[in-house]
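Hi everyone, thanks for making the time today. Let me put the structure up on the screen, and then we can walk through it together.

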Amino acid sequence: MSKLFNSEIRVKILAALYGTEYCEYTYLLEKLRTTEGNLWIHLKKLEKENYVEIKKYPSKKRVKTIVIITETGRTEFKKYITEILNLI
């Protein structure tokens, strides 16, 4: 099992993304009830391992940040869930 799953927030990020096409950064921030810095650090760790892709788009007043789970992220998260369920 990947060390990335040792962090509760990274597991929650992948869980939020697993069933969707993408999530906005602000949505994740609100749902996970964490700080911007903490969320960003964990997203960058997931991005470094190719579990998520982070894209930025210009918006009316700001830049919109979108987070997308990759096939690698989807596959590894499914393996993680399967391992957890096998422990029960």
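Let's begin with Tyr-18, which counts as partly exposed because its relative accessibility is 29%. Before going further, please keep in mind that this is a predicted model.

So which ring does Tyr-18 pair with? The partner is Phe-77, and the two form a tilted aromatic pair, with 5.4 Å from centre to centre and 50° between the planes. Tyr-18 sits in helix H1 and Phe-77 in helix H4, residues 71–87, so this pair links distant parts of the chain, 59 residues apart. Phe-77 itself is buried, with a relative accessible area of 6%. Tyr-18 has another neighbour to look at: the charged end of Arg-74 sits over the Tyr-18 ring, 5.6 Å from the ring centre.

How many aromatic pairs does the structure hold? There are 6. Another one of them joins Phe-5 and Tyr-51: the ring centres are 6.1 Å apart and the planes are at 50°, so this pair is tilted. Phe-5 is in the segment before helix H1, which spans 8–18, while Tyr-51 is in the loop between H3 and E2, so the pair ties together parts that are 46 residues apart in sequence. Are these two buried or exposed? Phe-5 counts as buried at 6% relative accessibility, and Tyr-51 is buried with a relative accessible area of 6%.

Next, the strands. Strand E2, residues 52–58, pairs with strand E3 in the antiparallel sense over 7 bridges. E2 and E3 form a hairpin, with 4 residues between them. To find one of the bridges on screen, look at Lys-56, whose partner in E3 is Thr-65. E3 covers residues 63–69, and strand E1, residues 23–24, pairs with E3 as well, antiparallel over 2 bridges. There, Cys-23 has Val-67 in E3 as its bridge partner.

One last stop, at His-42. Where is His-42 placed? You'll find this residue in helix H3, residues 36–48. His-42 counts as buried because its relative accessibility is 11%, under the 20% cut-off. Setting aside neighbours within four places in sequence, His-42 is in contact with Ser-7, Ile-9, Arg-10 and Ile-13.

That's my tour, and I'm happy to go back to any of these spots.

Conventions:
Residues are numbered from 1 along each chain as its sequence is written. This is a predicted model: local features need pLDDT of at least 70, side-chain atom pairs count only at pLDDT 80 or more; totals for chains, interfaces and linings use all residues. Side-chain values use heavy atoms; hydrogens and water are left out. Buried means under 20% relative accessible area, exposed over 50%, partly exposed in between (1.4 Å probe, protein chains only). Contact means heavy atoms within 4.5 Å. Two strands pair if DSSP finds at least two bridges between them. Rings of Phe, Tyr and Trp (its six-membered ring) pair if their centres lie within 6.5 Å; planes under 30 degrees apart count as stacked, over 60 as edge-to-face and the rest as tilted. A charge sits over a ring if NZ of Lys or CZ of Arg is within 6 Å of the ring centre and within 35 degrees of the ring normal.
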